[in-house]
Amino acid sequence: MNNITISNLDNDIKYRLQKRAEKHGRSLEEEAREIIRMALTENHEHSLNLANMIEQRFANLGDFELPEIPREPIRTVSTFEE
């Protein structure tokens, strides 16, 4: 496998990467590899759209309808004049 060197990495970024690696129980190098792997294996065909992501997440549950939530009429704004 080939090696790469990342020069001029900001100290704050390196610190945050180290903390993230510790959180996941990995070395700094393993964490950097995982971040790069995740970034390059994502499906970029679809734009990031929260509604689409939610729809895809629950697509295997089948069709269902949520009941309409009854709402109160809009209240008037209180004024505190003397």
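pLDDT is the predictor's confidence in each residue, from 0 to 100.

**Entry 1, the model.** I am reading a predicted model, where local features need pLDDT of at least 70, side-chain atom pairs count only at pLDDT 80 or more, and totals for chains, interfaces and linings use all residues. Residues are numbered from 1 along each chain as its sequence is written, and side-chain values use heavy atoms, with hydrogens and water left out. I looked up the average pLDDT and found 85, with 91% of the residues scoring at least 70.

Next I turned to helices (DSSP runs of H or I, at least four residues, numbered from the N terminus). H1 has 14 residues and spans 20 Å from first C-alpha to last, close to the 20 Å expected (1.5 Å times one less than its number of residues). Just after H1, I noted Gly-25 with a positive phi of about 70°.

I counted seven salt bridges (a side-chain nitrogen of Lys or Arg within 4 Å of a carboxyl oxygen of Asp or Glu). In one of them, Lys-19 pairs with Glu-22, the closest N and O atoms being 3.6 Å apart. The two sit three residues apart in helix H1, so about one helical turn separates them.

Arg-37 and Glu-34 also meet in a salt bridge, at 2.5 Å from N to O. Which of these two is buried and which partly exposed? Glu-34 is buried at 19% relative accessibility, while Arg-37 is partly exposed at 44% (buried is under 20% relative accessible area, exposed over 50%, partly exposed in between, using a 1.4 Å probe and protein chains only).
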